[in-house]
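I opened my notebook on a structure that was new to me.

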Amino acid sequence: FSIIRMKQLFQLAWYRNYEKKIVSHFDCLAFQSPYDMNDFCSRNPSGTAKSCVIRGNIGLPRFKPETADTNTSTELKKILFVGTLGNRKGVRHLLKAFETIIKAGLNGLTLDVVGPGDDFEYWNDWIKRNDLNDKIKLHGRVADPFAFISDADLMVVPSDFDSYPDTILEALHAGTPVIGSRAGGIPDMLEDDDLLFPVQDPESIVNIIRLAYFDNEFYLSLKEKCDKRKSFFHFNWPQ
C-alpha cells in the first residue's frame, strides 16, 4: 500500500471506532436529516433505536423578522448561488448549465455567485474565456447574503453532497424560490419533485430554468410551493 492509502485506511478505522463509542456513550442521537440518520445507522445498527431527527429551524437569531418575505419576484430573470466555490457545493454544474442556457439564446437571465473559495480565480478566468462577464458576477464572501437572496428570482443549490444547507432555509425565509439537487438532506427540505433535480446533472438544471423562464405559471408555482414548504421549518423549542 502507498502511504496515502495507509493513512486513509487508518482514518477510516479510527472514525468507525469513534462512531461506535458515540453509540455506546449516549442515550439519544440527534441528526439533522433522515439521510444523515440512516447513513449513520447503516454502519451502526445498534444506534437505530436511540436515533431521531431534529431538522433546521427558521428562527432567531439568524432569521430576523425584517428579512422575512422580502422577495417580490414575479418572473425569472436573476438566478443566485450562495456557497463555497469548491466541488462539494456543485457550483460547477450550475455555471456549466448557465453557459448552455445563454448559448441557447436566453439572454434575459443573469447569475450572481456569492461565496468564497480556492476556485474563485479559476471560475473568474472561465467566465472571461466564455465571454460571460455581463451575465455572471462573482461576488466572493459577503457580510450578509440576505440582500442577494431577497433580490434574486431563483436560488439554485446544486450540491454534490450536503447535509442540511442553511441557504435553502434562508431562501424560504425570504420568500425566494429555491431548487436543489437530490443530495443528502436536500430532498427532505424541498420534498416536491418540481423543486429537485439529480446530483451532478447540469442538463436537468437547464430544463427547470428554461421552463421557469418561458412558462411564468410554472415559475410562480415554484414560488408557491416554496412558500408552503416554509411552514415545515417554523417550530418553537420547548421552554
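I began with Arg43, which counts as partly exposed at 27% relative accessibility. My cut-offs: buried is under 20% relative accessible area, exposed is over 50%, and partly exposed lies in between (1.4 Å probe, protein chains only).

Before going on, I noted that this is a predicted model, where local features need pLDDT of at least 70, side-chain atom pairs count only at pLDDT 80 or more, and totals for chains, interfaces and linings use all residues. Residues are numbered from 1 along each chain as its sequence is written, and side-chain values use heavy atoms, with hydrogens and water left out.

**Entry: Arg43 and its partner**

Which residue forms a salt bridge with Arg43? I found Asp39, with the closest N and O atoms 3.0 Å apart. I count a salt bridge when a side-chain nitrogen of Lys or Arg is within 4 Å of a carboxyl oxygen of Asp or Glu. Side chains of opposite charge can pair when their charged atoms come close. Arg43 and Asp39 are 4 residues apart in helix H2 (residues 34-43), so about one helical turn separates them. Helices (H or I, at least four residues) and strands (E, at least two) are DSSP runs, numbered from the N terminus. I looked up Asp39 too: its relative accessible area is 33%, so Asp39 is partly exposed.

**Entry: Lys225**

I turned to Lys225, which is partly exposed at 26% relative accessibility. Its side chain meets that of Asp192 in a salt bridge (3.3 Å, N to O). This pair links distant parts of the chain, 33 residues apart. Asp192 sits in the loop between helix H7 (186-190) and strand S8 (196-197), and Lys225 in helix H9 (residues 216-230). Asp192 is also at 26%, and counts as partly exposed.

Lys225 forms a salt bridge with Asp194 as well, the closest N and O atoms being 2.5 Å apart. Asp194 lies in the loop between H7 and S8, 31 residues from Lys225 in H9. I noted Asp194 as partly exposed, at 30%.

I then looked for shared partners. Salt bridges join Glu19, Asp39 and Arg43 into one network. By my rule the count comes to 17 salt bridges.

**Entry: cysteines**

How many disulfides does the structure hold? I found 0, taking a disulfide as a pair of cysteine sulfur atoms within 2.5 Å. Cys28 is in none; the nearest cysteine sulfur, that of Cys52, is 3.8 Å away. Cys41 is in none either, with the sulfur of Cys52 nearest at 10 Å. Cys41 is buried, at a relative accessible area of 10%.
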